[in-house]
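Have a look at it here before we start.

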Amino acid sequence: MKADSKGRAPRTPASRTPAEADLLSFCNNAALRKAARGLGKLYDAVLEPSGLKATQYSLLTQIYDLGNPTMAELARSLLMDLSAMRHSLGPLIRDGLVRLRVEARDRRVKRVVLTPAGVAKFEEAAQLWRKAQGRFEQAFGAARAAKLRSELRLLTSEEFKDAF
């Protein structure tokens, strides 16, 4: 192993202090991402009979709620960039659940539209999502779940972004 610029041997996992070894446990970003991945897997398992992943169900829900948003509106509502949004929509477009409709007034603008098959898939998956949501609230507690959602909304707000 190479020594650092002061001639010291590099730190190995075994030679780290408890504070150094546990550094990621104090990282808010890492903890949130880890929790999101774990929770995503649980929701994916419940949604599996619909053929959708939780991320795809979230996209269908947002499209449904916004009522044929533009790509930019949808991306902004989910805090995604347009490129990532287009990539995420790909399987839904391929499977005929969503289509892009070019605006007549400005051909640069594309609206994201649920197809009849997309509406049917959304309604099917919504029943499974309610089951997953119920399981989450049963395991975590309804009041804690509501508080968690409130805190997460704050983290995605302009107010928090400005304070950060």
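A residue is called buried under 20% relative accessible area, exposed over 50% and partly exposed in between, using a 1.4 Å probe and protein chains only. What you're looking at is a predicted model, where local features need pLDDT of at least 70, side-chain atom pairs count only at pLDDT 80 or more, and totals for chains, interfaces and linings use all residues. Residues are numbered from 1 along each chain as its sequence is written, and side-chain values use heavy atoms, leaving out hydrogens and water.

On to the rings. Rings of Phe, Tyr and Trp (its six-membered ring) pair if their centres lie within 6.5 Å; planes under 30 degrees apart are stacked, over 60 edge-to-face, and the rest tilted. The whole structure holds five such aromatic pairs. One of them is stacked, because the rings of tyrosine 57 and tryptophan 129 have centres 6.2 Å apart and planes at 25 degrees. This pair bridges distant parts of the chain, since tyrosine 57 lies in helix α3 and tryptophan 129 in helix α6 (residues 116–140), 72 residues apart. Helices here are DSSP runs of H or I with at least four residues, strands are E runs of at least two, and numbering starts from the N terminus. Tyrosine 57 is buried at 7%, while tryptophan 129 is partly exposed at 29%. Phenylalanine 160 and phenylalanine 164 make a tilted pair, with centres 6.0 Å apart and planes at 40 degrees. Phenylalanine 160 is partly exposed at 30%, and phenylalanine 164 is exposed at 80%.
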